[in-house]
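Please open the model in a viewer and keep the selection panel at hand. The stops below are meant to be followed in order.

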Amino acid sequence: MDEEYDVIVLGTGLKECILSGLLSVDGLKVLHMDRNDYYGGESTSLNLIQLWKRFRGSDKPPAHLGSSRDYNVDMVPKFMMANGTLVRVLIHTDVTKYLYFKAVDGSFVYNKGKVHKVPATDMEALKSPLMGIFEKRRARKFFIYVQDYDETDPKTHEGMDLTRVTTRELIALLAGGFSKLYSESLARFQGGSPYIYPLYGLGELPQVLSLVLSLCTPGIAFARLSAVYGGTYMLNKPECKVEFNEEGQVIGVTSEGETARCKKVVRKVGRVARAIAIMNHPIPNTNDCHSVQVILPQKQLGRKSDMYLFCCSYSHNVAPKGKFIAFVSTEAETDQPEIELKPGIDLLGPVEELFFDIYDRSEPVNEPSLDNCFISASYDATTHFESTVMDVLNMYTMITGKAVDLSVDLSAASAAEE
């Protein structure tokens with residue numbers, strides 16, 4: 001451990017593993033440390049016994065729930081846009097060679113007490129009960145415009161000069177940009193939603209990174225990746241202390257009497273209310289989807305923030321056959337998650353087991369240009385990865401002074417379709 005590295009990364013959560021993989025692929029000498037004896041950090045994946053130990057202490061799970069090893073319950077479950085930034089990062093780092101993905105069945109929204117499918121095409125817009133007849137026509141025209149839009153072909157701009165737009169038009173274009181990503185992601189797998197999710201859950205991602213980084217170091221996707229490209233992983237390193245010089249700049253990390261010297265350190269900071277449910281059925285009113293996202297807008301609930309439902313099942317190998325894992329999450333506005341999450345829980349139908357949790361969510365307040373400490377933000381309550389991966393890419397740019405080239409062939413991504 002008494003060596004010098006370009007970068008030391010503390011924590012093996014998904015964000016830290018992605019960043020470690022990107023830096024290692026870029027040729028930097030990276031040391032990746034974690035106080036735990038396992039990969040994943042906050043974003044780890046638990047089997048049934050581990051889940052019970054975390055939320056129920058010494059109690060044992062009932063036998064009717066099935067085998068513990070058939071469960072892969074992600075603590076920070078998020079879907080990926082099939083044509084999104086995270087998928088491009090995974091291809092850029094070759095992680096897709098070790099992972100298989102499957103399309104998510106549906107995306108829905110809660111409106112006026114009912115759950116409705118989110119329209120993603122011009123035909124779905126015409127049939128959607130979420131809009132009136134004139135809104136449907138405008139939405140159909142908008143979807144067609146977005147689907148046909150080509151930045152390099154002025155004929156698809158319909159006379160709009162993208163360099164001279166009003167604020168209202170700019171906001172519309174930004175929304176269109178996301179809708180274009182939505183439509184392109186939907187088209188990639190031709191499923192009922194624009195999202196994909198890895199088989200066996202997100203717990204595989206950090207491990208695969210480590211495999212690619214070091215063939216000799218046990219671990220999972222991004223962590224493995226970092227090792228193949230020259231990254232070093234050290235688990236079970238307690239009390240990692242960041243050392244600074246007299247100028248307040250980081251000079252290394254000390255653990256168990258040894259100091260690893262470096263010029264830059266990446267470390268994680270960590271209020272989201274959430275409920276985790278084990279069920280034996282899909283979420284009602286979602287067309288029997290085995291994997292699904294439901295968004296409950298804040299205005300529908302009289303809240304300051306949206307609420308999100310995430311559900312996955314045995315179809316993605318995260319639970320035994322016939323079992324479903326559902327998450328309800330939101331930005332906490334009280335200290336009573338049971339009451340606060342009730343609107344989302346009520347949509348789940350009968351549940352076999354229910355766990356509640358609140359975890360802190362924080363943002364970095366330091367100045368990286370002065371102390372060379374680059375701190376990731378905590379995971380938010382949303383059910384997709386776009387904001388999460390942008391945080392990683394921003395940190396990469398601050399550390400290296402350049403942006404990641406993500407102009408990759410998306411056909412390189414592997415997927416499992418059953």
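**First stop: a hairpin**

Select strand E11 (residues 241–244) and strand E12 (residues 250–255), which pair in the antiparallel sense over four bridges. Strands (E, at least two residues) and helices (H or I, at least four) are DSSP runs numbered from the N terminus, and two strands pair if DSSP finds at least two bridges between them. Lys 241 faces Thr 254 of E12 across the pairing. Five residues lie between the strands of this hairpin, and Gly 248 has a positive phi near 80°.

The model is predicted: local features need pLDDT of at least 70, side-chain atom pairs count only at pLDDT 80 or more, and totals for chains, interfaces and linings use all residues. Residues are numbered from 1 along each chain as its sequence is written, and side-chain values use heavy atoms, with hydrogens and water left out.

**Second stop: the seven-stranded sheet**

Next, display the open sheet whose seven strands follow the order E8-E7-E15-E16-E17-E14-E18, with mixed pairing. Strand E8 (114–117) and strand E18 (353–359) are at the edges; each has a single partner strand, so one side of each lacks a neighbour in the sheet. From one strand to the next, the twist averages 20°. Within this sheet, select E16 (residues 307–313) and E17 (residues 324–331), which run antiparallel and are joined by seven bridges. Phe 310 is placed opposite Phe 327 in E17. Contact here means heavy atoms within 4.5 Å. Angles run from 0 to 180 degrees between N-to-C directions, and axes are lines fitted to C-alpha atoms, for helices over the stretch in contact.

Centre the view on His 290, in the loop between E14 and strand E15 (292–296). Which residues is His 290 in contact with, leaving aside its neighbours within four places in sequence? They are Asp 105, Pro 282, Cys 311, Cys 312, Ser 313, Tyr 314, Ser 315 and Phe 324. His 316 is 26 residues from His 290 in sequence, and their C-alpha atoms are 8.6 Å apart.

Select helix H3 (residues 85–92) and helix H13 (residues 386–400), whose axes come within 8 Å and cross at roughly 50°. To see the contact, show Thr 85, Leu 86 and Val 89 of H3 together with Glu 386, Val 389, Met 390 and Leu 393 of H13.

**Last stop: the cavities**

A cavity is a set of points on a 1 Å grid over the protein atoms alone where a 1.4 Å probe fits but cannot get out; lining residues have an atom within 4 Å of a point. Grid points are joined across faces, edges and corners, and a volume is the space filled by probe spheres set on the points. The largest cavity has a volume of about 100 Å³. Of its 14 lining residues, Val 76, Pro 77, Ser 329, Tyr 359 and Ala 381 are the closest to its centre. E14 and E17 are the elements that give two or more residues to this lining.

Finally, move to the second largest cavity, which holds about 40 Å³ of space. Its lining residues include Asn 72, Tyr 197, Phe 310, Cys 312 and Phe 327. Strand E4 (73–74), E16 and E17 each supply at least two residues of that lining.

Terms used. 1 Å grid on protein atoms, 1.4 Å probe; cavity = no way out; pocket = protein on both sides within 12 Å on 5 of 7 lines; lining within 4 Å.
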